[in-house]
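Thanks for coming, everyone. Please take a look at the model on the screen, and then I'll walk you through a few places in it.

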Amino acid sequence: MTERLLGWLEPRENEMAALLSELVSVPTENPPGRNYQACAALLERNLLQAGLTCERHQVSTPPDTLGSSSESAISLTASSGPGKRTLYFHGHYDVVPAQSQEQFQAVHKEHFIFGRGSCDMKGGIVSMLYAMRALRECAVELHGRIALTLVPDEETGGARGSHWLAGQGLLGRDGIGMLLAEPTSGVVWNANRGAITLRIKVLGKSAHVGLQHRGENAFEQMARVVERLQELKREVEQRQTGYAIGPEQTRNSILMMGGESGGGTNFNVVPEQCWFTVDRRINPEENLEAEKDRLIKLLEQCRRDGIRLEWEILQEGRSAACPADEHLGRALAQSVIAITGQAPQFEMCPGLLEIRFYAAMGIPAYAYGPGLLSVAHGPTEYVDLRKVRDCAAIYALTAIEIFNA
């Protein structure tokens, strides 16, 4: 079966390159969350041409998180196969903002596609679509159903994508497992950190520098807030996860301040307001509600101590973890060995993953996809088309093992 699948996939590298180039050319930057309708239409057309049934789910309300676009967000679910038992392939079509608009002009050079989203994760979407096509074209009979779910808003927490689908009972219906096509650099991610991200604004009173005694310096007040957060940072970053991690990563829990910051109007004016972000990344052993509560209580105490401030939560997401020895985890590992000749390591992802939505429903979920995490989001983002092809074969073999073992 491996030879049949590869025999069907190998001559189609240029087809995959053409589709991936089309997808890259649609600038689905998030934030703010633009061009979703154009990309969804392109994907839907290709799904239907592949002979798959397709459902469209549209959310018209604007996001209340990091995104700012009022454009509707569209999720797609395409499926193939009989019965209710469903293996989910999952991907997101939004991308982080580009360093230059030239990144949306895909470049095909030998076995590589360069461009924003080629790695994270439109290349993975192409792998999953071609896995489903390969199974159909090779007449593989599966005793179950494969569903490909494609969502927006992942880069800002999934508010109008996976989070909305889960809230409507539309995500993971009858699911027995989920594979996510993130660029994992050859490893399997079976766990992820959770996240709580806030923007904190400290308020003061404006005055001329020569009359600063009549003002209230928001910057100096903000420094008091930062000092208290630094105390919490020193404490939480002593905690370590027991999950396997990559060699360049740290086991420690994370609290980072100042990813974004700003304030003031001029050098000779007392700043009326200053703001900064706090990004708290929690390990699977920690509790999201408890860590969020500690942050909020710290800010509330600052208020009681006379510091005028307000905050908004930009995103929050749970950590998740699935055992490596679940049936799906073993099947995925066996398929990777069959195609690459090497057993994959199982590791924790350093950031958020959409496996969390499925794991919360008790559905085993793993991330494995083409591309290198080290080039995702960067100015020279690219993906190796041979990896796109190999991942398509791996996804197809995994589905065969899950349904026909």
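One term before we start: buried means under 20% relative accessible area, exposed means over 50%, and partly exposed is in between, with a 1.4 Å probe and protein chains only. By that rule His377 is partly exposed, because its relative accessible area is 36%.

Now the ground rules. This is a predicted model, so local features need pLDDT of at least 70, side-chain atom pairs count only at pLDDT 80 or more, and totals for chains, interfaces and linings use all residues. Residues are numbered from 1 along each chain as its sequence is written, and side-chain values use heavy atoms, with hydrogens and water left out.

Stay with His377. Its phi is positive, about 75 degrees, although the residue is not a glycine. His377 sits in the loop between strand S15 (365-367) and strand S16 (382-384). Helices (H or I, at least four residues) and strands (E, at least two) are DSSP runs, numbered from the N terminus.

What is a pocket here? On a 1 Å grid over the protein atoms alone, a pocket is an open set of points with protein on both sides within 12 Å along at least five of seven lines; a cavity is a set where a 1.4 Å probe fits but cannot get out; lining residues have an atom within 4 Å of a point. The largest pocket holds about 920 Å³ of space. That volume is the space filled by probe spheres set on the points, with grid points joined across faces, edges and corners.

Which residues lie nearest the centre of the largest pocket? They are Glu155, Asp279, Arg281, Gln315 and His377, out of 33 lining residues. Elements giving two or more residues to this lining are strands S9 (194-203), S10 (254-263), S11 (273-282) and S12 (309-317). S10 gives the most, with four residues. By class, the lining has 14 nonpolar, nine polar and ten charged residues. Ala, Val, Leu, Ile, Met, Phe, Trp, Tyr, Cys and Pro count as nonpolar, Asp, Glu, Lys and Arg as charged, and the others, Gly among them, as polar.

Next, the loop between helix H2 (13-24) and helix H3 (36-49), where Pro31 is found. The peptide bond from Asn30 to Pro31 is cis, with omega near 0 degrees. The bond from Pro31 to Pro32 is cis too, with omega near 15 degrees. Asn35 lies in the loop between H2 and H3 as well. Its phi is positive, near 60 degrees, and Asn35 is not a glycine. Asn35 counts as partly exposed because its relative accessible area is 25%.

On to strand S2, which holds Ser80. Is Ser80 buried or exposed? Ser80 is buried, because its relative accessible area is 17%. Setting aside residues up to four places away in sequence, Ser80 touches Leu52, Met132, Arg136, Gly144, Arg145 and Ile146. Contact means heavy atoms within 4.5 Å.

Lys84 is in the loop between strand S2 (73-80) and strand S3 (86-92). Lys84 counts as exposed because its relative accessibility is 64%. The C-alpha atoms of Lys84 and Leu211 are separated by 72 Å, and the two residues are 127 apart along the chain.

That's the tour. Questions, please.
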